[in-house]
Amino acid sequence: MSVEFAGQLFDTEAQRLRVIAQEWLTAGGLNDAADIGRWLDTIPPAKLAQECIDGWWSGDAADTAPDPDDLAAAFADLGVNRGWLTE
């Protein structure tokens, strides 16, 4: 069974959460690697996850939001493995 985010299908929830976290950090390409690196250095993953959920899954969409702990784990992984910032 596939999972979806922004019209894109993913084989696993972990892949989907990683893309959600990347999209939140990059703002679709508007934020640069230096800014993102600073945020990953200074903002806890749980706070990034909550900001993302509050920003994208508020109101009627709140019941479809990802699990905050799972999303925080995706942000933490992006903070440790930053090769994606230079791709």
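Two residues are in contact, or touch, when they have heavy atoms within 4.5 Å of each other. Keep that in mind as we walk around Leu71, which touches Leu17, Ile20, Ala21, Ala49, Cys52, Ile53 and Pro66, leaving aside residues up to four places away in sequence.

A quick word on what you're looking at. This is a predicted model, where local features need pLDDT of at least 70, side-chain atom pairs count only at pLDDT 80 or more, and totals for chains, interfaces and linings use all residues. Residues are numbered from 1 along each chain as its sequence is written, and side-chain values use heavy atoms, with hydrogens and water left out.

**The core**

Leu71 also turns up in the largest nonpolar core, which has 22 residues. Such a core is a set of buried Ala, Val, Leu, Ile, Met, Phe, Trp, Tyr and Cys residues joined through side-chain atoms within 4.5 Å. Buried means under 20% relative accessible area, exposed means over 50%, and partly exposed is in between (1.4 Å probe, protein chains only). Ile20, Leu25, Leu71, Phe75 and Trp84 have the most contacts inside this core. Strand E1 (3–5), H1, helix H2 (33–42), H3 and helix H4 (68–80) each give two or more residues to it. Those labels are DSSP runs numbered from the N terminus: helices (H or I) have at least four residues, strands (E) at least two.

Axes are lines fitted to C-alpha atoms over the stretch in contact, and angles run from 0 to 180 degrees between N-to-C directions.

| Pair | Angle | Axes apart |
|---|---|---|
| H1 and H3 | about 85 degrees | 10 Å |
| H1 and H4 | about 65 degrees | 9 Å |

Because of its angle, H1 is roughly perpendicular to H3, a label that covers 65 to 115 degrees. On the H1 side, Ile20, Glu23, Trp24 and Leu25 make this contact, meeting Leu48, Glu51, Cys52, Gly55 and Trp56 of H3.

H1 is roughly perpendicular to H4 too. Here the contact involves Leu17, Arg18, Ile20, Ala21, Gln22, Trp24 and Leu25 of H1, plus Asp70, Leu71, Ala74, Phe75, Asp77 and Leu78 of H4.

**Where H1 ends**

Thr26 sits in helix H1 and counts as buried, at 16% relative accessibility. Thr26 touches Asn31, Ile36 and Trp84, again skipping residues up to four places away in sequence. Ala27 is in the loop between H1 and H2 and is partly exposed, at 33%. Its phi is near 50 degrees, a positive value in a residue other than glycine. Most residues other than glycine have a negative phi.

How values were computed:
Angles under 35 degrees count as roughly parallel, over 145 as roughly antiparallel, 65 to 115 as roughly perpendicular and the rest as oblique.
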